[in-house]
Each structure stands twice: as structure tokens, then as C-alpha cells.
Amino acid sequence: MRSLDRLFEDSSRSLAQRTSRRSVLAALGRMLMGAALLPLLPIDRSSRAEAAEPGTAGAGTASAGAASKTPDKPAPDSPESCEYWKYCAIDGFLCSCCGGSSHSCPPGTTPSPITWIGTCHNPADGRDYIVSYNDCCGKTSCGNCYCNRNEREKPMYRLSRNNDVNWCMANADSNYHCSVSVILGVAEQ
Amino acid sequence: MRTAMFCAALLCVFGGSVSSAVPPPPPPPPLSPEHLTVEALPPSNPHWVYVVDEAFYNETDARVDLFDGDSYRRLGQIDAGFTPGVNLSPDGKTTVVATTYFSRGGHGTRTDVVEFTDNTTLALTGEIVLPPKRDNTLPTYFNLAYSADSHFLYVSYVTPASSFGVLDPAKKTVLGEIDTAGCVLVIPSGPNRVSSLCESGRLLTVTLDADGHEASRAMSEPFFDADVDPVFVQGVPTNDGYAFLSFLGEVHEVDFSGPQPVLRKPWSIVTAAEKGHWRPGGETVAALHRRLGRMYVPMHRGGEGTHKDGGSEIWVLDMKTHERLARWPVPAGKLAPVNAIQVSQDDAPIVFAATEKSDVAVFDALTGRLKHIERRLGQSPWFFLNP
């Protein structure tokens, strides 16, 4: 799979050298509009997945921000819980707590057509899934169920793995409201 | 006789009480009428810090609080809109905020703009309207940055194609836009150079001509591997450039003083036994006292995916010897983990440490003594600026 990664990287760089930014964006937009329906990049990161060390503070916990934890903590298998398996690299307000669900935007908002991609492990069936983290846009911050998890998340120079940017950036109304995690498919072993 | 004694006793009782009664004091003179004024800022001192509050729960309402690390008072505020980039001019006299406003508050037409604030009055003095391309991300030194001579101002664009704008801060105009081929952010050096971080682990450096247009560009050798050990984008200003910490605690110092960046040999803030177990993390991962050569790093115990967790300790490192000078435990009963840090640059330095509960602690930077805790200094105080 690393060779596939490399192939994709090389082809992307080649494309970037041959194509104008505007046309790339137009194509990207058309392609990513279907992000909720079609698997985009069959990227397997599971071989590099590391279990968090026992007693560590990071993976699986909500952190940062005032009042980040709700007093009545939902069960870990609830889509309203930051510990829900699909949220392994989400950073923002859970749309499940804002009128949407783990894979749908709240009424009156607009999904971001561009997104970042992660691989999360579902303990219920033992499979790794490729998920697309889309933002829901066009209203101000939901402000409920803040969740920040960063498994295999990368800094901004690897944009497709970064959860620090506002993925509503290319929407007509680019304000950020909340985030979802949409299953794209099973990660190939 | 008995009657006379009774009368004397009565006189004693009533007469005595009358004679001992003190008349109530006259009320104080009424308060003078007040005149509504605007407070003037006192002269600045090295312990002032500009606290960039992302206000994540009301993200269109970010702000910059000016906080005095001696009096522990908030001195004033600069509005910062939505996911701002913030920086100071090289002379410290101006705060620049690159931000986004929506015409109907939470929605509507997007306007990207750079706003200039006079730091002696905290009044707005001007603006430059940008194309709607500004990066919407967490604040670092590299979202918006001045050239060393203040002639140019650079602003990072991500649409998600990456580029940067070149602005003229004196004439308040946009001079142009330069494509960065997937590399991100604006790391300024000298009067006319801008470097950006690339996924390949290289630095792209664009040199500008006198009009702010691209004169040349060059790529450095790779200095990190984004797959193995990525560097945080929150660079720390050093005497001749910036230091970039990696997720595993490597320090990559880059000398930006010459025509092209010079990559120094990396060194580690953790021992071999600690590597992978103790990590830097948070929103601002380190601060450096440049004259003392001491770096302050919030550290936590954690594994992969914990790179935004706050520190349970602050480690003090010597930039010359690479020795760890101290480990300051963050008192767990008093403070949440530290996720942003800054140090004043004077001879009696203090460390500002923001926590995951939005408190800001002030430490003596030489001894680690906790001097003060300012509770809830905003919602999301994730970045500190000081001259």
C-alpha cells in the first residue's frame, strides 16, 4: 500500500505541474461532491496504526477548550460520544449533538464538498474503515460536544490528513458549524 | 430621702445616656459628577502579552486580549473575527489581524481582510481587503507575517490550493499572489524572502523583487519525514531563524539569516528511553527566551495521536548544550494541562502558560515558581504574541 501511496503522490505532483490550479479545483470540486457516496482514496494506514500506550492521556479523550466535557457523558458507542470509534481523528463539534448525525449535517447547513480522510478501527466488527471527515457549514459554531482526537492526523502541509483547517473554506457560506465522520469503505488489509 | 435618691438615679441613667450619645457623623460629601472618558494605555512593558483567543465556541468572535503579566490585568482587546491570523510588526507598534467577516454575522458574503491596530491606543488604523482565500486555521507566527524591514506583509492562502499574498502595509494595497505548489504558510526572512513548509519535508523559499513579485524560488533538502516524525507548524523564533519541534521531540533549527535556509543538525529534547513516551503537544508547542537560550516546552506522556494534548510538565532546555535544565510539574490540582506557552524576552522573564481549561498561569521563567493564575482568560487562548 505504501507503493500505492507513492504512486498517488507522484501522479499528484505530476498533475500539479501540468494543470492550472483553477482546473484542478474545478475537477476536485466535482470529484469531492460525491465524497459521501464513493470511497475516494483506498489508503491503508492500518499497518502503521499504533495502540496508545497504557495510561496515556491522548487517544480517545476529548481535550482542549473550555467546558469540553459534558457532565452527562454518553456511552462510548454512542455517536454523541467523542469516544465513538468513527471519530478517531475528528476536531470540532459533533453534528450528532447539533441536529444531525454522525454522517448527516444538521438542518439548514451545507456539507463541505472537500474533506479530510482518516482510517478508524471499529471494535464491533474488528475492521478498519476509511472515513471522510466533512464539516457542515453556513451557520456559526454549534458549540456542543466538542471533540478533538488525532489518530494519524498530520500537520497542515499534509492537508488531506489535517483537521486544523476549516473545511468549509470552499463553501459559498464558509462558516464552520460542526463535523461528521462518513464511512467510505473498508480499508484493505 | 428615698424619693430624692430615686430621682438622682433616674437622672444618672437618662442624664448619663444623654451626655454619652455621640451625634452621628455627617454624611460624606457627595461624589463628584464623573466624566466618561476612554482609558489611555500606560507605556508598554516587556511583560505585556497579546493573547490570541480563537473563541472556538463562538468562532466568528475571536479576539486578542492584551494582558499585563505584572498587574495581572486585562488592558484592552482587539477584535479578530473568524479563525484569525495575528502578528506584530517588527517594531511592536502595530498588531495585524488577518480575518474573515460574514455580511450577516454567522453567514452571508465572506470578506477577508487584514486589519491594523495601533498598539499605543488599540484603535484600528486601517485595513487591506483580500481575495477570499485566507487560510482558515489555527494561529501561528506564519499565517500573516511582516518582512524584516516592514516593507512587505505576507498572508497565507489556502483554498485548498496554497499560495500567499504580498501586501504593502504602508500603502494598504495588495501587490500580488504567489503560488507555493502545495507548500503552506509564510515564514518570513530578510527584507524579501518567504519560505513555506512542504509535505516532502522541504522548505520552499521564494525571493521577491522590489515590487513584491517573484524573482526566484528554491527548494531546500528535506529536513523531516512527514510519515515518520512530522514537525509541528508552530515554529519558535530563534536568534537567526526558527526552531521546529517534531511530534517525537526532535528540534530542527533552521537558520533563515542567509539567502537560503540552512538546516542545522537536529537534536532531541527526550532521551532514548523517553522517546515516544514523552512528547511535546498542544496548540503552541514551545517558547524560547532568545538571549538566555532557554526553551520552554509543555510535555505530556502519550502515544501516537496525542500531539495536541497539553503538557503535564514544562521542560526547560538549553539551546546551546541541549541539556534539560528543569522539569516543572504543572500542579494538577490547580491547573489543567498546558497547551500554549510564551516567555517574555526581558532580564526578569516570565512564562505565560495557557491550559486546556482556558486559564493562563504566570511562572517565574528562571525558577519555575508559579506566580499567578488568571482564570478563564477567554475561551481558547491558544497563541501568545509579545514584542
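Where is Lys172(B) found? Keep that question in mind while we look around, and we will reach the answer at the fourth stop.

**Before you start**

This is a predicted model, in which local features need pLDDT of at least 70, side-chain atom pairs count only at pLDDT 80 or more, and totals for chains, interfaces and linings use all residues. Residues are numbered from 1 along each chain as its sequence is written, while chains are lettered from A and ligands numbered from 1 in the order in which they are written.

**Stop 1: chain A**

Select chain A. You will find two helices and six strands; helices (H or I, at least four residues) and strands (E, at least two) are DSSP runs, numbered from the N terminus. Along the sequence the pattern reads α-α-β-β-β-β-β-β.

The mean for chain A is 74, and 61% of its residues reach 70 or more. Over residues 1–71 of chain A the pLDDT is below 50, yet this stretch has 97 contacts in the model beyond near neighbours in sequence. Two residues are in contact if their C-beta atoms, placed from the backbone, lie within 7 Å. Among contacts in chain A between residues at least 6 apart in sequence, 75% join residues at least 24 apart.

Next, select residues 116–122 of chain A, which are strand E3, and follow the seven bridges that join E3(A) to E4(A) in the antiparallel sense. Two strands pair if DSSP finds at least two bridges between them. Click on Trp116(A): its bridge partner in E4(A) is Tyr133(A). E3(A) and E4(A) form a hairpin with four residues between them, and Gly126(A) in the turn has a positive phi of about 75°.

Move on to Cys145(A), in the loop between strand E4 (127–137) and strand E5 (146–148) of chain A. Most residues other than glycine have a negative phi, and most peptide bonds are trans. Cys145(A) is not a glycine, but it has a positive phi of about 55°. Is Cys145(A) buried or exposed? Cys145(A) counts as buried because it has 24 C-beta neighbours inside 10 Å. A residue is buried if 20 or more other C-beta atoms lie within 10 Å of its own, exposed if 12 or fewer, and partly exposed in between, with C-beta atoms placed from the backbone.

**Stop 2: where the chains touch**

Show both chains. The contact takes 42 residues from chain A and 50 residues from chain B. On the side of chain A that touches chain B, helix H2 (residues 21–32) of chain A gives the most, with three residues.

**Stop 3: chain B as a whole**

Select chain B, which holds one helix and 29 strands. Its radius of gyration is 28 Å, well over the 21 Å that the globule rule gives for 387 residues, so chain B is more spread out than a compact globule. That radius is taken over C-alpha atoms, and the globule rule is 2.2 Å times the number of residues to the power 0.38. Of the 387 residues, 49% count as buried.

**Stop 4: a four-stranded sheet in chain B**

Find the open sheet with the order E7-E8-E9-E10 in chain B, where the pairing is antiparallel. Strand E7 (144–146) and strand E10 (173–179) each have a single partner strand, so one side of each is left without a neighbour in the sheet.

Strand E9 (residues 162–168) pairs with E10(B) over six bridges; click on Ser163(B) to see its bridge partner in E10(B), Asp179(B). Here is our opening answer: Lys172(B) is found in the loop between E9 and E10 of chain B. Lys172(B) has a positive phi of about 60° although it is not a glycine. With 15 C-beta neighbours inside 10 Å, Lys172(B) counts as partly exposed.

Select Pro160(B), in the loop between strand E8 (153–158) and E9 of chain B. A cis peptide bond joins Thr159(B) and Pro160(B), with omega about 25°.

**Stop 5: strand E16 and its partners**

Finish at strand E16 (residues 241–245) of chain B, where five of the five residues are buried. E15(B) and E16(B) form a hairpin with three residues between them, and Val236(B) has Ala243(B) as its bridge partner in E16(B). E16(B) also pairs with strand E17 (residues 250–255) in the antiparallel sense over five bridges. In the turn of the E16(B)–E17(B) hairpin, look for Gly249(B), with a positive phi of about 95°.

Note on methods. pLDDT is the predictor's confidence in each residue, from 0 to 100.
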